[in-house]
Amino acid sequence: MTELLLGVDLGTSDTKVLVLRSDGARIGTWRRPTVWRRLPGLRVETDARTLLDGVLGVVTDALSTLDDPRVTALGLTGLAESGVVVDGAGAPCSPVIAWHDPRGGEQLARVPSDFRDAFGVTTGLPFHQQWTIAKLLWAREHGLELGPGHRWLNVPEYVAFALGADPVAEPSLASRTGLLDLDTGGPWSAALDLLGVGPGFLPERRYAGEPAGTVRTPDAPAALRGATISVAGHDHPVAAFGAGAVGGDDLFNSCGTADTLLRAIPRVVTADERRRLTGARVEVGRHILPGTTLVNAPSRAGLVLRRVQAALGATDLGALDAAYPGADASRATVTGGDVEADDVVIALREGATPADVWAAAVDANAAYTGDLLARIAPVAGPYGRAVGAGGWLRLASVRRSKRRVLPGLTFSPIDQPGGFGAAVLAAWAAAGSPGDLGEFSAGLRPTAVFAP
């Protein structure tokens with residue numbers, strides 16, 4: 001019998017599972033597209049059952065290729081802000097609205113001024129509609145009834161619950177809702193009052209690396225049943241943990257659909273620091289590590305590159321990537337990386353080629369990364385080591401441009417660091433949280449962590 005550790009990463013584009021042996025040896029990665037419905041007005045949603053089926057499907061794909069497998073631990077990480085309201089019986093009663101869906105902006109604009117003024121310093125989030133509270137305000141206005149028995153579960157939390165775990169609120173995910181008071185670590189009463197719900201709307205807090213239950217659903221493959229479940233948390237800090245970049249002077253650059261800079265500060269930042277960061281549109285929240293603050297400076301850089309690729313009709317980016325060193329980025333302008341932007345705008349000058357447009361997009365994203373670094377430095381301080389990971393870094397053009405604005409940047413060779421981090425955290429939970437988490441994770445991590 002092969003004992004396995006599974007790390008599931010529910011991403012915006014793909015749902016992935018990384019399979020490890022119990023000693024950390026890698027077996028492989030399987031993926032399926034994350035299924036969404038696209039509706040008029042840039043609305044994007046799915047339902048809870050579709051997400052669960054996607055996870056069960058990709059896990060079944062993986063396990064069906066192995067001889068006599070047995071899963072001992074399952075870690076779940078993924079996108080934040082999106083999730084589902086469940087009723088007192090645990091049944092979903094709301095759609096899962098994508099984090100980039102514009103719904104909730106109108107409702108959020110109508111909240112009382114004192115709530116708006118307190119929002120950033122209390123929750124650590126800039127005031128805009130990305131957060132869960134905006135989607136809930138929209139849903140309530142469009143027929144969702146919220147009562148005493150209802151609870152909110154972020155996407156990884158819901159999948160864990162549907163597989164048999166307790167309903168839990170993992171702090172790094174709860175930090176992305178707009179419902180959490182960062183000073184207390186508990187629900188923000190003003191936000192709950194605005195929704196008309198009580199403190200039980202956010203379930204019991206459970207940190208990454210703590211067991212949330214075991215797989216009990218009969219829908220799961222037999223080899224998965226009985227596995228310890230841990231909600232590993234928000235995909236960005238979990239990926240940073242997987243890459244080994246959660247030290248106080250580490251900078252982590254996650255380069256996926258959302259491109260972010262992350263710092264882990266080993267304390268709870270002050271209200272004045274939160275006000276300063278959110279005023280610069282930098283996000284502050286609870287890290288997956290207890291007692292640690294996550295500073296998250298986001299962009300839509302990956303989305304920009306994907307849209308530019310589509311506009312250029314480039315099914316294979318190899319030629320554009322190879323042409324980058326000789327391209328003239330001054331012949332085009334590409335904008336749209338700001339998280340509050342809706343559109344990606346391409347402006348062309350005389351003689352612009354597809355390679356020039358691609359170079360302009362890559363360079364614009366890198367310049368925005370440099371701007372984000374400047375926004376977080378006054379609170380986080382200078383970094384000592386910079387580590388990058390994520391799908392877009394497979395391209396030499398992206399790596400080269402990033403290094404111009406992040407001196408000393410290295411790249412993690414760990415494929416799927418989010419899945420790896422989730423698997424390690426689940427293994428630690430299943431083992432009873434023995435000793436120091438850093439030492440435990442080092443025993444499962446490949447020896448050569450950082451590549452030039």
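Seven nonpolar, three polar and two charged residues make up the lining of the second largest cavity, where Ala, Val, Leu, Ile, Met, Phe, Trp, Tyr, Cys and Pro count as nonpolar, Asp, Glu, Lys and Arg as charged, and the others, Gly among them, as polar. Among these lining residues are Cys255, Asp259, Trp392 and Lys402. Helix 10 (301–312), helix 12 (354–380) and helix 13 (396–405) each supply at least two residues of that lining.

This is a predicted model: local features need pLDDT of at least 70 and side-chain atom pairs pLDDT 80 or more, while totals for chains, interfaces and linings use all residues. Residues are numbered from 1 along each chain as its sequence is written, and side-chain values use heavy atoms, without hydrogens and water.

A cavity here is a set of points, on a 1 Å grid over the protein atoms alone, where a 1.4 Å probe fits but cannot get out; lining residues have an atom within 4 Å of a point. The count comes to four cavities of 30 Å³ or more, with volume taken as the space filled by probe spheres set on points joined across faces, edges and corners.

| Cavity | Volume | Lining by class |
|---|---|---|
| Largest | about 90 Å³ | seven nonpolar, four polar, two charged residues |

Terms used
On a 1 Å grid over the protein atoms alone, a cavity is a set of points where a 1.4 Å probe fits but cannot get out, and a pocket is an open set with protein on both sides within 12 Å along at least five of seven lines; lining residues have an atom within 4 Å of a point. Helices (H or I, at least four residues) and strands (E, at least two) are DSSP runs, numbered from the N terminus.
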